[in-house]
Amino acid sequence: MQDEFQKLDTVILGVSPDSMKSHDKFIEKIDIPFLLLSDSEKEVGELYGVFKMKKLFGKSAIGLERSTFLIDKEGKLVKEYRKVKAKGHAEEVLEFVKENLS
């Protein structure tokens, strides 16, 4: 699927507050074909509003809401997906890119 995004001149970046050491282990474990960036100060996450109140085992805490943001070549946010589930998501994003950004 990464090849299809590349053919459409689409760059994929992952961002999370995890450390680069953690990212390196994750990349190696599941063979991610794109860059993962560390937002250890949570600045990018705050700008995009991805930290939300969540409940886990009956306790409330601030957590990361998995999200995808599509930004065009001019730097304009053109689409956002919130509460992303992995299954089928890449295909959905690829279809949007094909129909709206290529």
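Buried here means under 20% relative accessible area, exposed means over 50%, and partly exposed is in between, using a 1.4 Å probe and counting protein chains only. Keep in mind that this is a predicted model, where local features need pLDDT of at least 70, side-chain atom pairs count only at pLDDT 80 or more, and totals for chains, interfaces and linings use all residues. Residues are numbered from 1 along each chain as its sequence is written, and side-chain values use heavy atoms, with hydrogens and water left out.

So what does E65 pair with? E65 forms a salt bridge with R82, and their closest N and O atoms are 3.7 Å apart. This pair links distant parts of the chain: E65 sits in the loop between β4 (59–64) and β5, R82 sits in the loop between β6 and α4, and the two are 17 residues apart. Salt bridges that share partners also bring in E80, joining E65, E80 and R82 into one network. R82 itself counts as partly exposed, at 32% relative accessibility.

## The other salt bridges

How many salt bridges does the structure hold? There are four. To count as one, a side-chain nitrogen of Lys or Arg has to be within 4 Å of a carboxyl oxygen of Asp or Glu. K98 has one with E4, where the closest N and O atoms are 3.8 Å apart. That pair also links distant parts of the chain, with K98 in helix α4 (residues 89–100) and E4 in helix α1, 94 residues apart. Helices (H or I, at least four residues) and strands (E, at least two) are DSSP runs, numbered from the N terminus. K98 is partly exposed at 39% relative accessible area, and E4 is partly exposed too, at 33%.

D9 and K73 make another salt bridge, with 2.6 Å from N to O. D9 lies in the loop between α1 and β1 and K73 in the loop between β5 (68–71) and β6 (77–81), so this pair ties together parts that are 64 residues apart in sequence. Both D9 and K73 are exposed.

## Two positive phi angles

Take another look at D9. Its phi is near 55°, a positive value in a residue other than glycine. D9 counts as exposed, with 51% relative accessibility.

D31 has a phi near 55° as well, again a positive value in a residue other than glycine. Where is D31 found? D31 lies in the loop between α2 (20–30) and β2. With a relative accessible area of 63%, D31 is exposed.

## A nonpolar patch on the surface

Now for the nonpolar side chains. V11, L13, V15, L35, L37, V44, L47, Y48, I71 and L77 form a nonpolar patch on the surface, and together they have about 910 Å² of accessible area. The elements giving two or more residues to this patch are β1 (13–16), β2 (35–38) and α3 (43–48). Which element gives the most? That's α3, with three residues.

Patches are made of residues with over 30% relative accessible area and no salt bridge; like charges are joined within 9 Å, and nonpolar side chains (Val, Leu, Ile, Met, Phe, Trp, Tyr) within 5 Å. The areas come from the Shrake-Rupley method with a 1.4 Å probe, and for residues only the protein chains shown count as cover. V11 is exposed, with a relative accessible area of 67%.
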